[in-house]
Amino acid sequence: MSVRNTRIPDHLRLPFAGVTPAPTEEAGQELFPTGNFRFFRPVYRDKMPPCNNACPTGEQIQKYLDFVKHERFLDGYLTIMEDNPMPAVTGRVCYHPCEGACNRKDHDEPIGIRNVERYLGDYGLALADDPIAPTLPALNGKHVAVVGAGPGGLACAYHLRRLGYRVTILEAQAKPGGMLRGGIPHWHLPEEVLNAEIAKIERLGGIEIRCNTRVGTDVTWEDLGRYDAAFLAVGQDVGRRLQVEGSDLRGVMGGLEFLREAGYGRPVKAGKKVLVIGGGNTASDTARSALRLGADEVTIVSLEARDELLIEPDDLEQADDEGVRFRPGTACVRILGDGGVVTGAVLAQAHLAKDEHGNVKPEVTPDTEFQVECDTVMFAIGQVQNLDWAPDHISERGLLKADDYGRVEGNIFAGGDIVRGPAMAVDALGDGKRAARNIDKVLRAAELTPPDPVEVMPYERLNPVYFKHAPRIEAPMTPPAERVRDQEAEVTLAYSTEQAMAEADRCMSCGVCNGCDNCYIVCPDVSVMRDARENGHYSIRTRYCKGCLVCVQECPTGCLEKVPELDFAEQDDVQRMETAFAPYDGAHAEQSIPIARIHEQAIAEYDGARRRATRDTTTNGEG
Amino acid sequence: MYHEITVWTRGIIMDKEARDVVNCMATAASNAGLYSHYISDYVDDPDRTNCLIRKYARFGDQPIVDHFVYENPRPDWVVLVEETLIKGVNFFRGTPEGQGVLVVNSTRDPEYMLRFLPESMRAKLSKLVVVDAVALAEQVGRSPWMFVRDLGQLAYDRMSTEGASERSEVGIGIAAPLIGALTAATGVLPLEAVEQTVYDKAAFRRGAEQHVVLDYAERRATTVAPT
């Protein structure tokens with residue numbers, strides 16, 4: 001029998017699997033809603049990345065790195081500006097607690113977050129129009145005083161302005177900036193960058209910086225009461241002096257005072273042979289500045305042993321490269337002079353000993369004294385502040401007393417070094433932000449509440465298989481020989497755009513969905529839905545997901561987690577089946593409507609073909 | 001007197017738990033001089049891992065006439081071997097109104113479990129029994145999926161011929177406390193008679209003593225029906 005003219009009906013041409021609607025189709029999932037296979041449900045739950053948690057200002061680092069990775073620099077800049085008003089400053093001077101916390105350090109090397117931040121900060125300063133000003137609310141009529149135009153005060157003013165408050169900053173010095181200007185040398189933070197960042201804040205409108213106004217002399221404590229609230233961030237700018245014989249000789253000075261004179265652009269001089277007494281970052285900055293002012297030989301004399309130095313490792317390495325000498329484990333016993341001028345110093349071996357209370361105190365080894373020649377001695381052994389103007393009950397041992405909300409009493413808040421002792425600029429920026437938010441709450445008569453507890457994402461909960469090892473991109477540097485004679489030459493240079501994007505691409509997005517699409521791809525049951533490739537736009541089709549948890553296992557960032565199914569009790573999140581097989585009564589016997597239609601159509605076509613064939617045959621016969 | 005027991009469980013990985021429950025109950029009823037049936041699953045394609053499957057037993061003091069009905073059309077005792085089944089299936093299909101005894105293996109509170117039952121199913125409920133069978137059973141293996149067994153035992157389990165001859169002991173693991181809770185909460189078969197058929201008698205006793213009963217029939221009687 002010939003098969004010519006035999007017509008195969010449509011439904012028989014389909015492969016077998018095609019007869020039942022596939023689970024990829026809506027109809028297939030309704031036919032067999034397998035959500036009830038599930039013990040655990042995959043849930044998108046963003047956690048706190050360790051960098052964000054470590055940052056005192058709470059910068060959303062993961063978020064802006066993701067923006068930079070996708071070349072969305074403006075979005076990245078605006079993300080930083082939500083928390084930190086001066087990324088070009090912190091991008092240069094921050095001691096980056098974020099990088100210390102970065103999970104990538106357990107993988108290969110931490111991300112160069114500070115360098116990316118600096119890239120975004122410079123990007124923001126280069127913008128023709130300020131993107132922040134148009135978004136600010138109108139002034140609400142309340143007026144807050146901020147004492148001190150350092151990082152803490154400026155941050156507080158900025159955040160208060162974002163919340164609609166008018167702010168007056170009272171600054172004792174002739175220029176705003178506080179320790180950023182008076183404590184950080186220009187080769188770390190160029191003056192024009194600091195000026196630009198401060199100008200950016202002033203330009204927002206509603207913030208007035210009143211310089212040469214010292215609280216205690218020009219403004220009294222009572223005057224502050226005329227404002228609706230006040231934030232005290234006076235910092236600590238008086239350097240401590242070691243009380244040894246000869247410390248009143250000419251040629252002995254405070255390291256901090258030296259840095260401040262240089263920072264405010266006043267003429268300073270360092271000798272040819274300089275001794276810097278101290279083992280912290282101020283000592284390092286002082287020594288390196290002295291070198292740039294033409295000193296032939298600069299030696300850092302510290303009680304701390306070489307591995308105990310409190311100098312940032314980066315700075316220590318740079319100081320070494322520049323030729324700063326170190327005399328660790330050494331104490332300054334007395335300073336020698338001739339005719340009232342320093343000629344040398346007597347040093348001795350010493351170390352830091354701990355007494356029975358755990359307090360550290362220096363211990364000089366007897367009979368180890370020796371003499372060195374020098375013409376300048378600078379002390380960088382800590383700093384204090386004069387608090388005579390403040391009422392006695394709010395200060396204690398040279399610091400202001402503030403609670404966990406930064407509140408001193410009533411509407412008075414405080415932050416920065418004057419509360420916590422010498423700390424990082426970014427600590428002060430964070431205190432300013434916290435104070436601004438809490439001042440806002442107090443003025444709205446809202447309750448002060450502690451921050452919500454956060455779940456910090458550990459490295460162990462990431463899926464490291466997805467992150468190929470890539471070395472950290474180090475920022476370019478000015479060569480030591482070039483930079484060591486120039487007070488203005490920046491030591492660390494900026495990333496190029498390509499470098500910033502490549503470095504941001506190393507971010508593992510710990511615990512936060514970054515729209516990698518992996519769950520969407522690996523789900524064997526097409527139960528992961530999304531409307532945009534972005535965090536918050538993925539969802540699980542709960543009526544069909546069988547709970548195989550492949551998505552959870554394969555989530556690179558660890559943002560997906562499994563939650564027991566019975567923790568959820570919404571209506572219809574799982575379709576209750578009538579029998580083990582059928583979603584509704586009688587589903588076994590019935591064919592689904594689309595399939596039934598295919599059959600009906602096939603039969604109709606078959607019948608039609610037969611009728612035509614019969615008619616043709618009849619016609620032929622007649623013909 | 002006539003009771004139908006349907007045990008809902010998950011294919012392959014929890015097959016034996018359910019099988020043991022119906023096996024022991026039917027055997028105990030038979031030993032007690034009652035007529036009884038025990039039926040494995042012939043309709044739900046029980047070879048699919050994790051899918052919903054059923055095991056059945058029925059017993060009574062009159063001869064059972066429906067020899068060739070391989071499902072329980074009117075189950076009045078229902079056991080859920082795993083807690084999430086409570087939101088996945090209408091296990092009270094065919095259950096007479098107000099007569100359903102539901103035994104769930106769960107660590108949660110019966111009041112919490114009750115929220116998963118729609119009104120139509122609550123109408124059939126008489127008792128909600130929650131027993132933490134996993135804690136009461138002897139822990140073997142570490143799998144979160146297969147309550148108290150490891151893969152090697154699961155392989156032996158697959159060699160069993162659906163209860164006709166069991167490779168491992170009948171009434172071990174979480175089945176024992178589940179049987180204990182079911183027997184104690186229903187109170188129809190004597191505990192001693194059922195205990196005879198269970199291998200892990202200590203776990204059976206623990207299940208019989210340590211379970212939480214929510215008497216829904218009583219609550220229904222005391223709550224004034226809205227008019």
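## Confidence and conventions

The mean pLDDT of chain A, a per-residue confidence of the predictor on a scale from 0 to 100, is 88, and 92% of the residues of chain A reach 70 or more. Residues 11–18 of chain A have a pLDDT below 50, and this stretch makes six contacts beyond near neighbours in sequence; two residues are in contact if their C-beta atoms, placed from the backbone, lie within 7 Å. Where pLDDT is low, the predicted coordinates should not be read in detail.

This is a predicted model, in which local features need pLDDT of at least 70 and side-chain atom pairs count only at pLDDT 80 or more, while totals for chains, interfaces and linings use all residues. Residues are numbered from 1 along each chain as its sequence is written, and chains are lettered from A and ligands numbered from 1 in the order in which they are written.

Chain B contains nine helices and seven strands; helices (H or I, at least four residues) and strands (E, at least two) are DSSP runs numbered from the N terminus. The radius of gyration of chain B is 17 Å, which agrees with the value near 17 Å for a compact globule of 227 residues; the radius is taken over C-alpha atoms, and the globule rule is 2.2 Å times the number of residues to the power 0.38. Along the principal axes, the C-alpha atoms of chain B fill a box of roughly 60 × 40 × 35 Å. Of the 227 residues in chain B, 49% are buried; a residue is buried if 20 or more other C-beta atoms lie within 10 Å of its own, exposed if 12 or fewer, and partly exposed in between, with C-beta atoms placed from the backbone.

The contact between the chains takes 13 residues from chain A and 16 residues from chain B. On the side of chain B there are seven charged, five nonpolar and four polar residues. Here Ala, Val, Leu, Ile, Met, Phe, Trp, Tyr, Cys and Pro count as nonpolar, Asp, Glu, Lys and Arg as charged, and the others, Gly among them, as polar.

## A helix pair in chain A

In chain A, the axes of helix α6 (residues 73–81) and helix α9 (residues 113–126) come within 9 Å and cross at roughly 100°. The two helices α6(A) and α9(A) are therefore roughly perpendicular, a term for angles of 65 to 115 degrees. From α6(A), the contact involves Phe73(A), Gly76(A), Tyr77(A) and Ile80(A); from α9(A), Glu117(A), Leu120(A), Tyr123(A) and Gly124(A) take part.

The buried residues of α6(A) are Gly76(A), Tyr77(A), Thr79(A), Ile80(A) and Met81(A). Their cover includes α5 (61–69), α7 (87–93) and α9 of chain A.

## Individual loop residues

Gly278(A) sits in the loop between β8 (273–277) and α15 (281–292) of chain A, and Gly278(A) counts as buried because it has 29 C-beta neighbours inside 10 Å. Although Gly278(A) and Phe379(A) are 101 residues apart along the chain, their C-alpha atoms are separated by 6.5 Å. Pro458(A), in the loop between α18 (425–443) and α19 (480–483) of chain A, is partly exposed, with 14 other C-beta atoms within 10 Å.

Arg397(A) has a positive phi near 50° in a residue other than glycine, and Arg397(A) is exposed, with 8 C-beta neighbours inside 10 Å. In chain B, Asp45(B) lies in the loop between β2 (35–39) and β3 (52–60) and has a positive phi near 55°.

Terms used. Axes are lines fitted to C-alpha atoms, for helices over the stretch in contact, and angles run from 0 to 180 degrees between N-to-C directions. Angles under 35 degrees count as roughly parallel, over 145 as roughly antiparallel, 65 to 115 as roughly perpendicular and the rest as oblique.
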